[in-house]
There are 2 protein chains.
Amino acid sequence: MLTSFIPVDKESHFPIQNLPFSAFETEDGEIHLCSAIGDYVIDLFVLDEAGLFDGKHLKDQFAFQDSTLNFFMGLGKPAWQEARQTLTNLLDKENPTLRDDDLLRSRVFIPMEDVEMVMPVEIGDYTDFYSSEQHAFNVGSMFRDPDNALMPNWKHLPVGYHGRASSIVLSGTDLHRPKGQTIPNDSDQPVFSDSKLLDFELEVGFFTGPGNELGDTISVDNAEDHIFGMVLVNDWSARDIQKWEYQPLGPFLAKNWATSISPWIVTLDALSPFRLDMPEQDPEVLPYLNQKNRSTFDINLEVYLDNEKLNEPHKLATSNYKHMYWSMAQQLAHQTVTGCNVRPGDIYASGTISGNTEDSYGSMLELTWKGTKPVQLNDGSERKFIQDGDNIIMTGYAENDDYRIGFGVVEGKILPAKQ
Amino acid sequence: MLTSFIPVDKESHFPIQNLPFSAFETEDGEIHLCSAIGDYVIDLFVLDEAGLFDGKHLKDQFAFQDSTLNFFMGLGKPAWQEARQTLTNLLDKENPTLRDDDLLRSRVFIPMEDVEMVMPVEIGDYTDFYSSEQHAFNVGSMFRDPDNALMPNWKHLPVGYHGRASSIVLSGTDLHRPKGQTIPNDSDQPVFSDSKLLDFELEVGFFTGPGNELGDTISVDNAEDHIFGMVLVNDWSARDIQKWEYQPLGPFLAKNWATSISPWIVTLDALSPFRLDMPEQDPEVLPYLNQKNRSTFDINLEVYLDNEKLNEPHKLATSNYKHMYWSMAQQLAHQTVTGCNVRPGDIYASGTISGNTEDSYGSMLELTWKGTKPVQLNDGSERKFIQDGDNIIMTGYAENDDYRIGFGVVEGKILPAKQ
């Protein structure tokens, strides 16, 4: 098996088989693009400046001397694969180039604990889908009718909506509880207050690469060539604000105040050993959504709640990305079928991912069934929704007998509302 | 009255009192920021390079040597007013600086007919509101119930949703008819086809300036300090796609394929002589939306349909921006009350503007009442919705006895769907 001269624990999220992309702030306050191996950030700026990305797609492109990944994303899959191959070669335990160059090694590998990660992408547009059947079923059951939980369109198209890009923040950003209009039960007069029903949504998102010109489409069978990689997404939601505002044009302020993402973008190539075929869809979809080899990835997902009073983080949910009805390729083909243009650095999130057991639901709304079944924590307290001081931590990884391909974490603490 | 040494027709949209901002492509293929007077573009790059923006806010900022207005927008109202005053002085018929410098004049003033305008802003996020009461009433009447046309939330908050920023295009961009899923009447099986119910929406949008940090808010009484200026917006809509997709998360593909804007951004200072007080709102709004001096602008709006078979453009609608229930300040205060951050270059559109007479409705949906009252054109044809080859032209201007403050036009022709 391929191994690196950099030691990597078996449970590490970042073996040589992963090589995700991100950005960090250097000691000098500059933003450098990076990858990761074991407990180290790999400074790609330094490698690029040293002329080590010398393949035909990346030579003289200075792709890793930018402060965001957008340019690299726009170069497309051949460049992504060349970068991956170059890094794999440079990190291989048999390759002396980097291994035996102490000066270069000291500049390239920086302990993760010493650096601050920064947003690696200038995000253009943000789309949030609604592609987990169990989640759509749960929400439909709670707010409408269990016998008629899915809308008639749900199995014909990947329902989605546009989100707010400006308020997408990196893991570790603490967030003030939002305030807004809500409607008390049995009243027709709204009130203004702190949101009382604050929730997370466990999602996985993907960033796009080259994209298409306005008026063109991306076919479902070519769509993966436009997917640069994936991140964990917490689509924070204020349920009480949402309930009052969302008719008829959809969620707006309930979700515009923050969406958190994990810093490491994991490529589809790294995840390829963990592909799973997706079952045939019934009813059959229209031809533009009919993907030849429909597949997803076996990615374990976990959600924890932590705060100062708990001995250890409380696990709220155990789920998996495989619980998706619509594939990423179908989502992207749908988004563009009208001719909508996709750009490098757009993000497309899955929607809340809920498995088919009660401990695999991807939101407090579902886990506590609208607050009717509170979660018991080990300090004796309980939760219907998120309280001030709660840190919500999501993690995700695929694994086999040899290694894990991990996403790290996306976390964010809820601070009291600003007064 | 203030007049310029550049002659300006009384019906021109661009007297010295307007001075809107935009960008154009120079003979050398560079992008320069510009203003306008009469039939001329004013090259702001040249004026900036000549050191003529020498006030305390703009000196040494090179604000007009960028290729977008975003940096200038972020400088805030004192810088905007200084730029306006500098331009007013330079264009004044009594001021020899520019008037008597033939060489500089020849570089600064370029006939509008000789230049191609380009997108002057790197647009971050796009929000579309739904703030015309007559429009919301019309749509609610058609699709729900005339006795209960407005949703319960409509008079308590400016309903809005996030739109797609990537597909905002400049006036003059022709657009292919989108394709997508629609549901035939009396069927539960969707079909894939060209959109058959293609529509425009007459809107006015505003661009934001400095904005706020995530977690902060913009108060309703300070909100106008964050509004850089206004443009005409055509929020193209595929009604048949919208009908099938929009439950429960709102419009998505129906509108993601294009939104057209006019190139000239007209400042609130230019429009200030045309302010109108807005009536008190009933029911009373919550304090965060309670604006001290609630005002709008008296801006005439017109929509025309043209195509090769018509002798002259057919006027479809005559409306006015004053027909708004919610002010721009209320929209922006609402958008940010949760702590959502606003950035220089975001755009916020009004939603379809419909007056209270049948000839003032802002969409084909309303003008033809869902196609039941087709519009008769002078070539003997009729329209229920937009046909291939139709060019939709919107224009807008405020006027008094002395001059017009105009927006120019936003136009776009619908081409056949790509096969």
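1. In this predicted model, the area buried between chain A and chain B comes to about 5,500 Å², and carbon and sulfur atoms give 61% of it. The contact draws on 60 residues from chain A and 60 residues from chain B.

2. As to charged pairs, six salt bridges are found across the interface of chain A and chain B. One that can be inspected by eye joins the side chains of A:Asp125 and B:Arg164, with an N to O distance of 3.4 Å. Across the interface of chain A and chain B there are also 29 residue pairs in polar contact, both residues being at pLDDT 80 or more.

3. Several elements of chain A each supply at least two residues of the side that touches chain B, including the strands S6 (126-129), S7 (160-162), S10 (179-182) and S11 (191-194), and the helices H7 (239-245), H8 (253-256) and H10 (328-336). Sorted by class, that side of chain A has 32 nonpolar, 18 polar and ten charged residues.

4. Turning to the sheet, five strands of chain A form an open sheet with mixed pairing, in the order S9-S25-S24-S19-S20. Strand S9 (175-176) and strand S20 (314-320) of chain A stand at its edges with a single partner strand each, so one side of each is left without a neighbour in the sheet.

5. Within chain A, strand S19 (residues 300-306) and strand S24 (residues 391-399) pair in the antiparallel sense over seven bridges.

Notes
Residues are numbered from 1 along each chain as its sequence is written. Chains are lettered from A and ligands numbered from 1 in the order in which they are written. This is a predicted model: local features need pLDDT of at least 70, side-chain atom pairs count only at pLDDT 80 or more; totals for chains, interfaces and linings use all residues. Side-chain values use heavy atoms; hydrogens and water are left out. Contact means heavy atoms within 4.5 Å. Buried area is the accessible area (1.4 Å probe) that two parts lose on being put together, summed over both. A salt bridge is a side-chain nitrogen of Lys or Arg within 4 Å of a carboxyl oxygen of Asp or Glu. A polar contact is a pair of N or O atoms within 3.5 Å; within protein, one must be able to donate a hydrogen and the other to accept it, and residues adjacent in sequence count only if both atoms are side-chain atoms. Helices (H or I, at least four residues) and strands (E, at least two) are DSSP runs, numbered from the N terminus. Ala, Val, Leu, Ile, Met, Phe, Trp, Tyr, Cys and Pro count as nonpolar, Asp, Glu, Lys and Arg as charged, and the others, Gly among them, as polar. Two strands pair if DSSP finds at least two bridges between them.
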